[in-house]
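Hi everyone, thanks for coming. Let me put the sequence and the structure up on the screen, and then we can walk through them together.

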Amino acid sequence: MTPGESAQPRVPKRARLGRNLVAAIVVGVAMGGIILSSLLFVRYFFIAVLAVSAAIASWELAGALRRGAGIEVPLPVLLVGGQAMIWLAWPFGTGGLAAAFGLTMVTALLWRMRGGASHFVRDVTATVFTAAYVPLCCGFAVLMTVAPDGLGRILTFMLPVIASDVGGYAAGVLLGRHPMAPTISPKKSWEGFAGSQAAGMATGAVCVVVFLGGPWWAGVLTGSLLVISATLGDLVESMIKRDLGIKDMGNLLPGHGGMMDRLDSLLPTAVVAWLLLSLLVPV
């Protein structure tokens with residue numbers, strides 16, 4: 001070994017792999033089991049899973065805003081309004097979802113007036129942002145769930161994202177050389193993104209054909225766009241955490257961080273999936 005070679009630090013394999021892989025797999029399988037069980041046995045139980053997930057993620061994001069930037073988000077307004085969005089989207093569709101979001105915004109304005117003018121715009125803006133980012137996006141998953149072919153739509157929404165994670169992780173670890181966004185998420189590579197696209201498009205094609213009876217090309221297009229949305233969603237949350245100076249939104253899920261860290265790619269993707277499937281494979 002030459003002096004130049006000995007000077008190069010050896011990167012431990014675990015560091016390259018990232019988080020505690022065993023814990024991440026166990027938690028991921030457990031979460032997948034809960035979601036799949038709620039969908040298969042009584043589909044509407046999945047709405048309760050979404051409601052609980054939205055509440056936890058909203059609480060985590062509000063806490064992160066307070067710790068990282070001193071922003072005070074009124075949790076009672078956010079949590080009650082978030083649950084209203086989830087549950088009103090079930091019987092009333094997009095109208096119920098929009099009405100609940102609008103009332104949450106108005107209530108946040110009125111509630112925050114009690115604290116005076118100091119940082120009023122900042123706190124209200126953060127409250128509306130959190131309400132839109134978490135429960136409003138979850139509401140689009142509810143809209144897919146309550147459709148006549150809701151099981152197929154939810155699986156077509158979630159499975160390509162899961163496949164994207166697996167394909168991107170494998171390709172990134174094995175082949176990753178060119179960083180995608182080094183200043184935002186250093187571990188993401190273009191090779192990993194290519195793996196995500198391949199896995200997502202293949203899974204999307206199978207899901208649309210098998211679960212929804214749609215054309216294969218619609219599945220390929222859906223899978224590709226869902227991968228893009230999921231990747232951007234992950235990068236957006238990374239930007240938020242960097243701005244706030246935190247590593248994870250919480251520590252509820254070993255190997256994953258908080259609930260918000262697990263939902264980051266799914267939240268915006270729910271909106272994209274609802275729109276795409278409504279256009280390409282209408283009920």
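Let me begin with a term: a nonpolar core is a set of buried Ala, Val, Leu, Ile, Met, Phe, Trp, Tyr and Cys residues joined through side-chain atoms within 4.5 Å. Buried means under 20% relative accessible area, exposed over 50%, and partly exposed in between, with a 1.4 Å probe and protein chains only.

Please keep in mind that this is a predicted model, where local features need pLDDT of at least 70, side-chain atom pairs count only at pLDDT 80 or more, and totals for chains, interfaces and linings use all residues. Residues are numbered from 1 along each chain as its sequence is written, and side-chain values use heavy atoms, with hydrogens and water left out.

Now the overall picture. The protein chain has 11 helices and 2 strands; helices (H or I, at least four residues) and strands (E, at least two) are DSSP runs, numbered from the N terminus. Of the 283 residues in the protein chain, 47% are buried.

So where is the core? The largest nonpolar core holds 57 residues, and V134, F157 and L267 have the most contacts inside it. Helix 6 is the top contributor here, giving 12 residues. Another core, of 5 residues, lies apart from it, and includes M180, F193, V227 and L235.

Contact, by the way, means heavy atoms within 4.5 Å. Not counting residues up to four places away in sequence, L267 touches Y133, V134, C137, C138 and M260.

Next, how do helix 6 and helix 7 pack? Helix 6 covers residues 120-145 and helix 7 covers residues 150-175, and they meet at an angle of about 140° with their axes 7 Å apart. Axes are lines fitted to C-alpha atoms, for helices over the stretch in contact, and angles run from 0 to 180 degrees between N-to-C directions. The two helices are therefore oblique to each other, since angles under 35 degrees count as roughly parallel, over 145 as roughly antiparallel, 65 to 115 as roughly perpendicular and the rest as oblique. On the helix 6 side the contact uses A141, M144 and T145, and on the helix 7 side G150, R153, I154 and F157.

Last stop: E237, in helix 9, residues 216-244. Is E237 buried or exposed? E237 is buried, with a relative accessible area of 1%. Leaving aside neighbours within four places in sequence, E237 is in contact with Y133, M249, M260, D261 and D264.
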